[in-house]
Amino acid sequence: MSEQAIIVDRGYRPYEGPRGTLRSSMWAIVKDGYRRALGLRRRAWSKVMPWGLIALMLMITMVVIAVAWFAGDLIPDLPSYAEYFDLTSQLGLLFVALTGPLLLVPDRVNGVLAVYMSRPLRMSDYLLAKTAALVSLMLTFYLVPQTILHLGLAALSDDGFFSYLGANLDVLWKVPVVALAYIATHGSIAFAVSAFLGRSGLASGLYLGFIIITNNVAGLIVSVATFPGAKYAALFALEQHPRYFRDWVFGTNAGFLIMEEAGFDAWVSLICIMAIVALSSLVVWRQYRKLP
Amino acid sequence: MPLFSVDNLTHNYGDVQALTDISLEVPDGAIGLVGANGAGKSTLIKILLGLLTPTSGDVQVLGQDVRTQIRQARARVGYMPEGDCLPIDQSASDFVAYSAELAGVPAKAARRRASESLALVGLGEERFRYLKDFSTGMFQRVKLAQAIVHDPKVVFLDEPTAGLDPEGREQMLDLVNRLAEYKISVIFSTHILSDIERTCDWVVLLDNGRVKRNGALDRLGSHGVVQIELIDDPHPTADILRGRGLMVTVDGFRMSIPAAEGVTTLVRDAFAESGAGIRSMTETQITLEEAFFEVGPALPPPVPT
């Protein structure tokens with residue numbers, strides 16, 4: 001057998017196979033975004049933060065389901081779907097702070113944009129693909145635990161699995177819509193910050209600092225300041241807009257909100273979310289259109 | 001079909017005019033784009049790649065208008081930028097495969113093409129190493145591999161030998177020469193004229209945003225000149241030669257005439273007619289460097305394209 005074996009060096013040769021369209025090029029960028037954000041095909045330390053956050057997110061879900069299973073009778077007020085967002089949104093914020101800069105900064109700093117732009121792509125295609133990568137990653141981050149929670153609670157329901165699902169059909173649209181509101185707010189700000197900075201870690205830190213400071217300063221002004229128009233400071237409590245929107249969608253009141261204290265209706269937060277997305281998109285586009 | 005053509009191309013950066021009313025038509029093959037720093041080479045490449053929109057003028061690459069058909073043009077174009085363009089946290093194989101996917105090659109074929117391209121540039125063994133661990137020479141090779149991985153019709157090489165040691169430079173020039181085996185045309189931008197002489201068969205000389213020379217290298221860079229030193233006044237002999245259609249330059253007791261078939265016979269006859277004495281007669285070659293700096297004997301007129 002071995003006598004018949006031959007070694008064939010294929011070497012470089014012309015490519016005559018199929019060539020994809022713009023969609024396949026953009027899909028390649030999305031896949032690369034997943035690999036970079038999750039540290040796949042990279043050194044071990046790149047995997048620690050993203051997978052640590054995913055593990056924590058799933059752990060919270062498991063704890064809620066375990067509590068419902070073992071002590072459901074003792075603790076009747078398990079977190080609702082809306083309250084579950086409060087439990088996990090800080091992890092979501094950290095995940096965006098990690099992922100947003102990783103998707104944009106290294107390509108720019110390493111000069112890889114020059115390679116992208118020599119391929120059949122425009123800068124707008126690149127940015128759209130990066131946005132798709134962020135949104136799909138974040139949706140997975142939010143929705144997989146919520147789905148596990150939903151199915152777990154349905155399995156433990158006294159009314160039966162399918163009765164529970166049937167009685168909670170509204171969750172199927174409310175949870176994704178609220179998750180999108182969180183992603184739109186947090187993700188667009190993360191991209192805007194990342195468009196200006198040359199280090200992913202610095203961008204993550206500044207993004208988190210920006211969110212925390214705007215929230216606290218806005219809260220302080222609304223509760224303490226007495227000058228006319230002080231209530232408009234609430235509009236700058238950026239992190240609170242998706243939470244106010246969530247309460248609006250679920251018809252709940254999950255906690256203290258600056259916008260509510262300032263006397264604004266929830267639809268104002270929806271407008272603010274749209275404005276944040278529009279402004280951030282404009283900032284990112286202005287920064288990228290002159291590159292590479 | 002020309003590799004690229006530009007017509008009345010002008011590009012300004014604010015008040016600075018980078019390219020001034022350039023018109024060119026370049027055939028396929030290995031094209032040298034030569035000029036000093038700031039001559040407009042990188043600007044021209046960026047315009048050809050559609051990275052810059054020209055202030056005015058028409059540009060076509062592989063028959064596609066770069067304003068309206070840039071995606072079609074880029075699908076068959078590769079680009080090796082001068083500066084850094086590699087993500088250091090990825091392996092060479094992953095990045096080159098990804099570059100192929102960006103050009104529309106399916107994922108499985110892209111991985112195979114990445115291996116083939118990296119083998120071609122001499123990195124077959126190192127392809128799974130992280131780029132962070134690569135030397136400058138290896139970086140340049142990976143940059144070349146990503147530029148050719150999708151089998152482009154033309155590859156733009158922007159200063160491919162920059163930062164390489166003499167051995168690395170030789171290897172890179174050999175690689176550039178090998179691209180012709182795969183019917184990949186090359187646009188080689190550099191300010192190192194000897195690199196062009198080693199690799200190219202056509203050259204475009206840019207100077208201050210204008211085309212100084214454009215033509216086949218054998219007619220432009222190595223054009224012969226007959227130089228004659230006389231004992232007597234050279235003007236009567238020069239007038240006879242001019243009367244026979246030759247371009248003659250007189251400098252003191254020296255004359256120079258562009259070399260061509262039959263010139264020496266004409267020169268001999270002219271000296272016989274004028275009776276002037278000859279001290280010496282030699283035929284010399286103009287190097288690309290002399291052509292660029294316009295030193296040495298008179299240059300032939302630009303070759304019409």
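User: In this predicted model, how many bridges join strand β7 of chain B to strand β8 of chain B?

Analyst: The model is a predicted one. Strand β7 of chain B covers residues 154-158 and strand β8 of chain B covers residues 185-190, and the two run parallel. One facing pair is Asp158(B) with Ser189(B) of β8(B). The number of bridges joining β7(B) to β8(B) is 5.

User: Which strands stand at the edges of the open sheet in chain B?

Analyst: The open sheet has 6 strands with mixed pairing, in the order β6-β7-β8-β3-β9-β10 of chain B. A strand with a single partner has one side left without a neighbour in the sheet, so it stands at an edge. The strands in that position are β6 (77-80) and β10 (210-216) of chain B.

User: Which residue in the turn between β4(B) and β5(B) has a positive phi?

Analyst: Strand β4 (residues 56-61) of chain B pairs with strand β1 (residues 4-13) of chain B in the antiparallel sense over 5 bridges, and Phe4(B) has Val61(B) of β4(B) as its bridge partner. β4(B) also pairs in the antiparallel sense with β5 (residues 64-65) of chain B, over 2 bridges, with Gln60(B) opposite Asp65(B). β4(B) and β5(B) form a hairpin with 2 residues between them. In its turn, the residue with a positive phi, of about 50 degrees, is Leu62(B).

User: How are α7(A) and α9(A) oriented, roughly parallel or roughly antiparallel?

Analyst: Helix α7 (residues 171-194) and helix α9 (residues 241-250) of chain A pack at an angle of about 165 degrees, with their axes 9 Å apart. Angles over 145 degrees count as roughly antiparallel. Therefore the orientation of α7(A) to α9(A) is roughly antiparallel.

User: How many charged residues does the contact of α3(A) with α8(A) have?

Analyst: Helix α3 (residues 81-109) and helix α8 (residues 200-224) of chain A pack at about 140 degrees, with their axes 8 Å apart, and α3(A) passes α8(A) in a right-handed crossing. Among the residues that meet are Leu93(A) and Ala97(A) in α3(A), and Tyr207(A) and Leu208(A) in α8(A). By class the contact has 11 nonpolar and 3 polar residues, and the number of charged residues is none.

User: Which element gives the most to the side of chain B that touches chain A?

Analyst: The contact takes 35 residues from chain B and 32 residues from chain A. The residues on the side of chain B divide into 19 nonpolar, 7 polar and 9 charged. The elements that give two or more residues to this side are α2 (70-75), β6, α3 (92-102) and α4 (107-120) of chain B. With 6 residues, the element that gives the most is α4(B).

User: How many Å apart do the C-alpha centres of the domains of chain B lie?

Analyst: Chain B is divided into domain 1 (4-220) and domain 2 (224-285). The distance between their C-alpha centres is 44 Å.

Key. Residues are numbered from 1 along each chain as its sequence is written. Chains are lettered from A and ligands numbered from 1 in the order in which they are written. This is a predicted model: local features need pLDDT of at least 70, side-chain atom pairs count only at pLDDT 80 or more; totals for chains, interfaces and linings use all residues. Domain bounds come from an automatic or database domain assignment. Axes are lines fitted to C-alpha atoms, for helices over the stretch in contact, and angles run from 0 to 180 degrees between N-to-C directions. Helices (H or I, at least four residues) and strands (E, at least two) are DSSP runs, numbered from the N terminus. Angles under 35 degrees count as roughly parallel, over 145 as roughly antiparallel, 65 to 115 as roughly perpendicular and the rest as oblique. Two strands pair if DSSP finds at least two bridges between them. Two residues are in contact if their C-beta atoms, placed from the backbone, lie within 7 Å. Ala, Val, Leu, Ile, Met, Phe, Trp, Tyr, Cys and Pro count as nonpolar, Asp, Glu, Lys and Arg as charged, and the others, Gly among them, as polar. A crossing is left-handed if the near helix is turned anticlockwise from the far one by less than a right angle, and right-handed if clockwise.
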